[in-house]
Amino acid sequence: MTVPVVNGSSCLSLYGQNKDLLLQAINFYTNVVGFTKESDESGTVYLGSDESKVIIKLEVSDKAPSGSEVKQITERLVSLLGVNDWRSIESCITLMVKDLNQLVVLLEDSNYPVQISPNELYPDEVYTVDPLGNVVGFTVCFNPLTVNPPVKKLGPWKPEQDSMSASTSEFSKIGDNGGTSKKRRNIAVMTSGGDSPGMNAVVFAVVRAAIFRGSKAFCVMEGYEGLIRGSDYIKEMNWQDVRSYLSEGGTNIGTARCMAFKERKGRLTACKNLIESGIDALIVCGGDGSLTGADLFRKEWPSLIKELKDTNAINEEKYETYKHLNICGVVGSIDNDMATTDATVGAYSSLARICQAIDYIDATANSHSRAFVVEVMGRHCGWLALMAGIATSADYILIPEKPASSKDWQKQMCEIVQKHRAKGKRKTIVIVAEGAITLDLKPISSKDVKDILVNKLGLDTRVTVLGHVQRGGTAVAYDRILGTLQGVEAVKAVLDCTPETPSPLIAITENKVVRKSLVEAVEITQSVATAIEERNFEKAMSLRETEFVEHLNNFISMNSANHNEPTLPVEKRKKIAIINIGAPAGGMNSAVYSMATYCMSKGHTPYAIYNGFTGLSRHESVRLMDWLDIEGWTSIGGSEIGTNRATPDETDIGMIAYYFEKYQFDGLILVGGFEAFVSLDQLEKARSMYPAFRIPMVLIPATISNNVPGTEYSLGSDTCLNVLMEYCDVVKLSASATRGRVFIIEVQGGNSGYIATFASLVSGAQASYVPEEGIALGQLEMDISSLKEAFSIERGISKAGKLILKSTNASKVLTTEVLADVVNQEANGEFDAKTAIPGHVQQGGLPSPIDRTRGARFSIKAVQYIEETFDDIHPYRYEMNFPTDDKKVQATAAVLGVESSHLKFRSIRKLYDFETELTKRMPKKISWNEVRDIADQLVGRTRLQK
Ligand SMILES: Nc1ncnc2c1ncn2[C@@H]1O[C@H](COP(=O)(O)OP(=O)(O)OP(=O)(O)O)[C@@H](O)[C@H]1O
Ligand SMILES: O=P(O)(O)OC[C@H]1O[C@](O)(CO)[C@@H](O)[C@@H]1O
Ligand SMILES: [Mg+2]
């Protein structure tokens, strides 16, 4: 063999940073495959075969995939090659070849057991594990990760074309094992039970994640009904089929309540249809009923399939292939009644509709001084009624989980309503869950409630039954995120499943998407229903999520504020100061309202410090909080007590200490963003100087930027995300109508790309640029070339509007306008780019229900923390030697944050000193990197790694 002049594309290059691996590879390809070997003066080795004319160049090079690229490749390999643990793939080398087919033929002819797996999403790639166990990727592209999969691979879009399978047919002879292998599955998704906003996001994510991982995606239309009807009801889906799903309400693949599936006969037919369609993994998205059905189907599967074999409905081979049902549950329901998950997909969208309606009703109720009975959905569950009660500070709620005798609920409701009225409240809102019952399980209707309010209190009362309005409309940001992340996780789960793995249910705990056991979730859910039937309400409540019980207790406390005997003995009652710091954020008012009313119910005295530290140091802006004054604050945006960015050091910390001393505050709760974080640090440090600050101090993070260290979630970011998402939906609509247009949307968030990342996930943007990554020219070039390809393919046929989201601080040079100019120039008249800048609209108007209810929960936790830690610091209040290094004392100045699946109080000292990038005003670690990856994967964007 003569060593050729190497010019990248004419030969096959094997890069690797690991010399040993390369040596092993050289040995393998020379000794096993039979290539000849030559080296040049630089030590670069060339391998090749005269017959095949394939040349391999091996060099130790930095161009090898980076660590995260290797991870990406190997994760792909997990599904392609069925390697169970990607960490077992020590390294992956990528070979660039000119002609993939030629290489495949060569390797196949080598008579050695080289297993070749095509990548369905990237038909220009194949993978092998060579006999040495090395994973080797072959690609015709320079860098396998720079391929833009959907656009590049799909070819001209035609509505009826199954472009994914068309584009992979080239490799159908390699590695094709009929779709039944554990490595490449035929994954079907279905929606069942009542539709819920966000189900479309689940379907979108399942379809794209399945295709991305090299599997085929199918949809079962019309829920279990479609499973029983089979054939056309089980449809293969391609990448483009689900394009617009994210922003659409309901479920586009249909749902049903199917009686036939409750019968064994129906399930037997369903079993046969699944097998006939070649489905080997089923993801069911539905409520408690649907997942009970799924669990039953799982349990019965062995007997169903055996019956099919025994009756010759299927042959032995099929029996062997489909012996184990690979099923996974994703909870989609507005009711939020499934055990072991904090939220079901759709519940928060429904809650948003309810709160919006009650906000409207509030105005008319107040005008006429009327009472309104609002009936909300929830056949067996009071979650919607309870959360709406908190989010709108309703006077009374009736839910199935906490029934009372007819006499008791009537008496209690009248007492509370009367007390609220006596304090001057002009309106009354009572929320009744559809499934509300008395102790003896008799339904309580909204009319029953109205009659009591009219007859016993003489109130002018109206009833509003919200009905299906609650289930309609598009999904709120939370449900799009939850649906998407859970859909992706469900695909990963079914790909990971072995016959021994228990069927998973994809759940969320606090902020973390997790896999739980489907069987267990169904069992607990059923035992709640049984306990209610048996009138064992205590047991039913104990089986409920702890968060539900916490919310209920909070509602009861806030509701009895300032008109019942406070629950704490006099000596335990505290004076608690409340302050807002930083820019306004949704949920600030709800937080202040909740902590104040909770304080009142306990016997603490809540003080508001108006207008931040500036207000305090300049104007002694301390006011006692009055129940009637703050009534209704939960539903208001902005900050009623005023907020600004000044920290104690920037105003007059001595003066602040003076006023703290003067009012003898026992505790402080700050609600705000990064400036509040800095303020807390300053106050903690000043404790040695000023005894007035030797009190428990808690920060509740509230900022749309979500950049407070110690938490993955800040109040206000959900409100912001929803406003931005709605804005993006509208702009996308305009872009779609215009056809050839991309909007560059400028997003706030300081140096944090959180909002831009999540907004891009929920709006299906083509790309997002964030400060953490900047805008690399190479990335921009790739993104523009994707746009060019997409527009050239889609022009006139489809109506895909394109969005690019850019954080204001993503680049100093590439401003939003410059980006649009660059895109316009590159587009060369083929399409155009416009800018859209939502600006301060992103701070939000009405706070979202999530920010309202989380505001309430966090605030009450903060007050409780002050109660609990007061004794840890109080002994040092006037001590000469203040123990500045005492960890327990330090912990009394804390940030309340969400970390993964936990709510935690973290000491400001630790966070500020070790976990903060001060110059950037950012936490050192961000929690949402994976979301960026998912957002990109699901729109087919390839991101350059730094
Ligand atoms: N015990 C069961 N056995 C078999 N299938 C069931 C069972 N329970 C429910 N299903 C199936 O699931 C479908 C949906 O159930 P259901 O009507 O209870 O709604 P859901 O999934 O709980 O949703 P939601 O309550 O949010 O509307 C039923 O129509 C039936 O096909
Ligand atoms: O739309 P349908 O079938 O009448 O169902 C209404 C029921 O569905 C649910 O909304 C759940 O989706 C229940 O809360 C409600 O009782
Ligand atoms: Mg249900």
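I began with ligand 1 in this predicted model, and I sorted the residues of its shell by type, which gave four nonpolar, 10 polar and four charged. In all, 18 residues surround ligand 1, and I noted the closest as Gly-193, Gly-194, Gly-287, Gly-289 and Gly-293. I then looked up which element gives the most to this shell, and found helix H9, residues 288-310, with six residues.

My last entry concerns helix H23, residues 674-685, which has 12 residues and reaches 17 Å from its first C-alpha to its last, close to the 16 Å expected at 1.5 Å a residue. Is H23 largely enclosed or exposed? I noted that 10 of its 12 residues are buried, so the helix is largely enclosed by the rest of the structure. The buried residues of H23 include Phe-674, Ala-676, Phe-677, Val-678, Leu-680 and Leu-683, and I also wrote down Glu-675, Asp-681 and Glu-684 as buried. Looking for what covers these buried residues, I found both strands and helices, including strand S21 (575-581), helix H20 (612-619), strand S24 (667-672), strand S25 (697-701) and helix H30 (908-914).

Notes
Residues are numbered from 1 along each chain as its sequence is written. Chains are lettered from A and ligands numbered from 1 in the order in which they are written. This is a predicted model: local features need pLDDT of at least 70, side-chain atom pairs count only at pLDDT 80 or more; totals for chains, interfaces and linings use all residues. A residue is near a molecule or strand if its C-beta atom, placed from the backbone, lies within 6 Å of it. Helices (H or I, at least four residues) and strands (E, at least two) are DSSP runs, numbered from the N terminus. Ala, Val, Leu, Ile, Met, Phe, Trp, Tyr, Cys and Pro count as nonpolar, Asp, Glu, Lys and Arg as charged, and the others, Gly among them, as polar. The expected span of a helix is 1.5 Å times one less than its number of residues. A residue is buried if 20 or more other C-beta atoms lie within 10 Å of its own, exposed if 12 or fewer, and partly exposed in between; C-beta atoms are placed from the backbone. Two residues are in contact if their C-beta atoms, placed from the backbone, lie within 7 Å.
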